[in-house]
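Take a first look at the protein shown here. The report goes from the whole chain to a few local details.

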Amino acid sequence: MSSQPLLRPAILIVSDTAAADPSTDRAFPILKETFTQDGAGKWAEPIVEIVKDDILDIQRVVRSWTDNESSGSGAVNLVITTGGTGFARRDFTPEAISPLIHRHAPGIVHGMLAASFQVTPFAMMSRPVAGVRNKTIIVTLPGSPKGAKENLQAILKLLPHACLQAAGEDSRTAHAGGVKKLEKDAGVSAGAKGAEGMAATHDHSHSHSHHHHDHDHSHGHGGHSIPKAHTDPSQRPQSNDPRLGATARARSSPYPMLSVSDAVAKIIENSPQPVKELRDLTPDLVGYVIAEDIRAAEAVPAYPASIVDGYAVIVPDAKSPTHKDLPPIKGVFPVASVSHAQASSMPPPLEHGQIARITTGAPLPENANAVVMVEDTAIASLTDDKSEEATVEILTDEITVGENIRDPGSDIKLGEVILTKGTQISALGGEIGVLAAAGIQKVPVFRKPRVGVMSTGDEVTDISFQGPLTGGMIRDSNRPSLLSLLRGWNLCERDGVVDLNVARDTPNHELEEKIREAFRTKGLDIIITTGGVSMGELDLLKPTIERSLGGEVHFGRVSMKPGKPTTFASVPFKETESGERERKLIFGLPGNPASALVTANLFVLPCVQSMVGLDGKKGLERVKVMVQGRIKCDKERVEYHRVVVSVDAKDGRLVATSTGMQRSSRVGSLAAANALLVLPQRDGWLEDGGQCEALMMGMVHGF
């Protein structure tokens, strides 16, 4: 065993407390020490992560260790979890791990329980799980540091053999020396007391016979020694550097597969914070988000105003010493003046016994306290030239103080908050109108980003190309589609959606130069590329970002259909004026047309929403729909199926109809689509009439 490379353990701490404050964790130091002291020198330095008691968080980390050939620190042979195995309300670890296991290992569980029972009867309160996922052994330990150590010690000597078997070691060759040799190599004895002896006895009576008959993967190696690598996987020439040639090229993606929700969270985490700016109040503010609460600079209305056409009057008011002895307003009165809704002048004060003609919205004359509707009056006499009424008869005495008057500030009070931070200015006119009415001339908003769109590929031909296509040429539908989509969101600057044309798939730095030039001269915050994100030798985006631009690829694969190779990265860029480095973003979307538009809606949109200050939004609006027709699901990945959502004329329900064949290269599947149906990840079909969630890309048909 001494010639074997060290096995790589990974420890997952499952604890709400430790997730909030890692300094409170006491389990990892003890388990790390146990590997060092009791591991017979067979284990490398453990890697560690801490998550809260959440099934999805646990599964995400475990998958990142078990579902890839290698991680940043080499292949993971053993995953140990600690915490969450009891009966408490937040103990979810067994429920998280069990569905991940491909082959269960009850012997390991029995060995741990046997050791624990010798310490305390409360061992029966633990719910351990153990087994194999792909080529990795997974074991759950208690959350108590002492209990976790005791359980690990009970099985630690046998775990190297289990890990090698899970990794593909030839069983026939490994067992050629018999059980005694295995026990000697592991440092255990069948006659030993305690958990180690029980574990060894169990392994002898069951496990080895099964290995010989059912799990022989020798494939003709016979009695020869098993080929063993003498280097750590992280040292091997598996590179994304296109200069190193085919022999060094990675044969599988080195990027962990993220869920869509994890990918969006990663995008939000790495997106620049919104930047506040002050802009003039114009209709061009549509789409901007208010950066702080805005208070009215003026009251609306600024003066008492009539809400009807009629006559301003002085109504007897018991509360007013000058009005309480006046006779009721009924009878014939001279018309003293006319008040129009205009800015040139105010009407003269009204005297007792007079009335003033007034139009809707016009200011009341001083002393007037009510308005009589024109419908409650009649003309008594005309002026000498017959052009105007001289006297008017008021036909009712039921007019009250304040009737038909709009008081100052009754619509908007001076200093009142009229728009709150985070409000998006819509194209419907309401927000612009209230700002104008309240006397706001400068509006604090969050800056909109500038986004460039670039296609990549030698085969990509601009739509302006004249003549028939030859060879492998294809029309560039991605770039115009994405430019249209970005402008339709109205979340970028007015001239901030920039066409960056096409970068060729040549390893002569053309892609790097075009990206640098776009950031330098266009003032862009984000660059979106399509194509060049898969595993081919001409898929240059990831190596260009990491090796030429000094950037970081935050994710390079997403568990979704279509759009698996979607890439998100950030690169440092020095601004020429300030000299400071800013973080610029790059989205590498797949080259297939449907994939590009689907992933833009799922990933670019939440990023732009975050940058403009829409904190409450993370992508497209979600609705529940009823499906028309049967749609097949995919058990491997969540599928975003293009559909048309319309309103059922009979009952008003939202109904989704597929746009047909969904191949990622079929741009026609998006031609009429206004939504993405989020199909459940499972075998079988979503049946006709079934309920499903849909993400709305456009207006519902039928409205």
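## Overall picture

Buried residues (under 20% relative accessible area, with exposed over 50% and partly exposed in between, for a 1.4 Å probe and protein chains only) make up 46% of the 703 residues. This is a predicted model, where local features need pLDDT of at least 70, side-chain atom pairs count only at pLDDT 80 or more, and totals for chains, interfaces and linings use all residues. Residues are numbered from 1 along each chain as its sequence is written, and side-chain values use heavy atoms, without hydrogens and water.

The protein has 16 helices and 36 strands. These are DSSP runs numbered from the N terminus: helices are H or I with at least four residues, strands E with at least two. Among contacts (heavy atoms within 4.5 Å) with a separation of 6 or more, 71% join residues 24 or more positions apart. The protein exposes about 34600 Å², and carbon and sulfur atoms supply 52% of that area.

## Two packed helices

Two packed helices are described by the angle between their axes and the distance between the axes. Helix α5 (residues 106-117) packs on helix α6 (residues 145-155) at about 125°, with the axes 9 Å apart. That makes α5 oblique to α6. Angles under 35 degrees count as roughly parallel, over 145 as roughly antiparallel, 65 to 115 as roughly perpendicular, and the rest as oblique. From α5 come I108, G111, M112, A115 and S116; they meet N151, A154 and I155 of α6. The residues of this contact divide into five nonpolar, three polar and no charged. Here Gly counts as polar, and Ala, Ile and Met as nonpolar.

## Around helix α15

Helix α15 (residues 541-548) has the buried residues L541, K542, P543, T544 and I545. Their cover includes α14 (510-522), β24 (526-530), β25 (552-555), β28 (567-574) and β29 (581-589). Just after α15, G550 takes a positive phi of about 65°.

Most residues other than glycine have a negative phi, and most peptide bonds are trans. What are the omega values of the two cis bonds below?

| Cis peptide bond | Omega |
|---|---|
| V300 to P301 | near -5° |
| K561 to P562 | near -5° |

P301 sits in the loop between β9 (294-295) and β10 (305-306). P562 lies in the loop between β27 (560-561) and β28.

Phi is positive at N367, near 85°. This residue is in the loop between β13 (355-358) and β14 (370-373). N367 counts as partly exposed because its relative accessibility is 38%. N404 has a positive phi near 65°. Its loop runs between β16 (389-394) and β17 (405-406). N404 is buried, at 15% relative accessible area.

Note on methods
Axes fitted to C-alpha atoms, helices over the stretch in contact; angles between N-to-C directions. Areas by Shrake-Rupley, 256 points an atom, 1.4 Å probe, with all protein chains shown as cover.
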